[in-house]
Amino acid sequence: MLRPKIGLDWDDVLAPFNDIAVEMANEKYHIDPPLTLEDITSWNNTGRAAVIKEFYYNDELYHSQVVSEKTKRCVRQLMKIADVYIITAAYPQYMGIRAKQILEEFPEIPESRIILGSAKSLVHLDIILDDAIHNVMESPATYPVLMRKPWNWQMTGLLSVNNLSEFVLLVKQIMNAAMHKTSEIKEPSVLALVGPSGSGKNQVVEELCKDSRFTNPKSYCTKESDKHIYLPKEEFDQQDFFETTRYAGIQYGTKKEDVQAVLDEGLYPVMPLDMCGAIAMKRHFPTSIIYISKPKEVLIRDVIEEDYSLDEKTLRILSLDAEKKNKEICDFVIDNSKLDGAEKLLQLIDRD
């Protein structure tokens, strides 16, 4: 992929939208306790935060959208390596405001690359970034990417980022996958395991850690678990994590010093991660990104048999096809259909 075509959403990706609506609602109605962005727990925006929909039809909201300098820098970085399009849905009465705003904020983007309309599934680009699950799931893009927001935190499995800086890194990983794939596993190095829900990443970690050469550095999360160090959300948000993600609404984080301590002992840190977490590892440590694979029908059966809520089962199954796209940008692929992924990975390491 020499120079990809990239589509960027506007609202809540390049410019704040719901943040402004929340502020306007709090100011008008003096809501107690005040609404926050995290009160928006679904795309339909029901419940306590439903009041903000009123401001979606307020001119002031659209005139208040300002793109940060950091966001502009990220877009300029993307423009150096890709053709950047802005694809944005807006109510017809606000399309003029939106178009003028985009041209003012990004004068370097040609008018022909500004696409206004809600039928985003008709636009075929190489990579897109959007905060709406349905836009990502229905996109014909080769690599649809989800911008993590409170209203999509329950979605699992998709390529996702927490901010535009992470998206720039992900784009570079996608573009350079063939050139920068690890051809051998260095000793010691991080083994970053990625793959769909139910592929057996945790099972591979447990099997590998029976060998004294491997260990799983404890990560931190906002849910009590014997696999992670629990931190309440308020304390979690104050930590200095170099890699964070959200999975099924739970926050996870990794500290650089924890991984480095394992490498300093001459051991392999082996860690189940999402793709952005794996890329973050690769930026800081010698890392092999390993895709753990299983047939789709097995994955679906395993999800159904797990003790998940119906909603979570639905989201995990919906994400399976999308997550398979991650395979193309991994260094190695391990077939775990016979639950022998750890054995195959050991053979690969010992061969090198």
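The model is predicted: local features need pLDDT of at least 70, side-chain atom pairs count only at pLDDT 80 or more, and totals for chains, interfaces and linings use all residues. Residues are numbered from 1 along each chain as its sequence is written, and side-chain values use heavy atoms, without hydrogens and water.

**Helix α13**
- The helix covers residues 310-318 (a DSSP run of H or I, at least four residues, numbered from the N terminus).
- E312, K313, L315 and R316 are buried.
- Those buried residues fall within an arc of 165° seen down the axis, so they line one face of α13 (the arc uses directions from the helix axis to the C-beta atoms).

**Second largest pocket**
- Its volume is about 620 Å³ (the space filled by probe spheres set on grid points, joined across faces, edges and corners).
- A pocket is an open set on a 1 Å grid over the protein atoms alone, where a 1.4 Å probe fits, with protein on both sides within 12 Å along at least five of seven lines; lining residues have an atom within 4 Å of a point.
- The lining has 24 residues, and F17, W43, Y56, A89 and Y91 lie nearest the centre.

**Cysteines**
- The model has zero disulfides (pairs of cysteine sulfur atoms within 2.5 Å).
- For C221, the nearest cysteine sulfur is that of C209, 17 Å away.
- C221 is buried at 1% relative accessibility.
- C74 is buried at 4%.

Methods: Buried < 20%, exposed > 50% of the residue type's maximum accessible area, 1.4 Å probe, protein only. Helix = DSSP H or I, 4+ residues; strand = E, 2+ residues; numbered from the N terminus.
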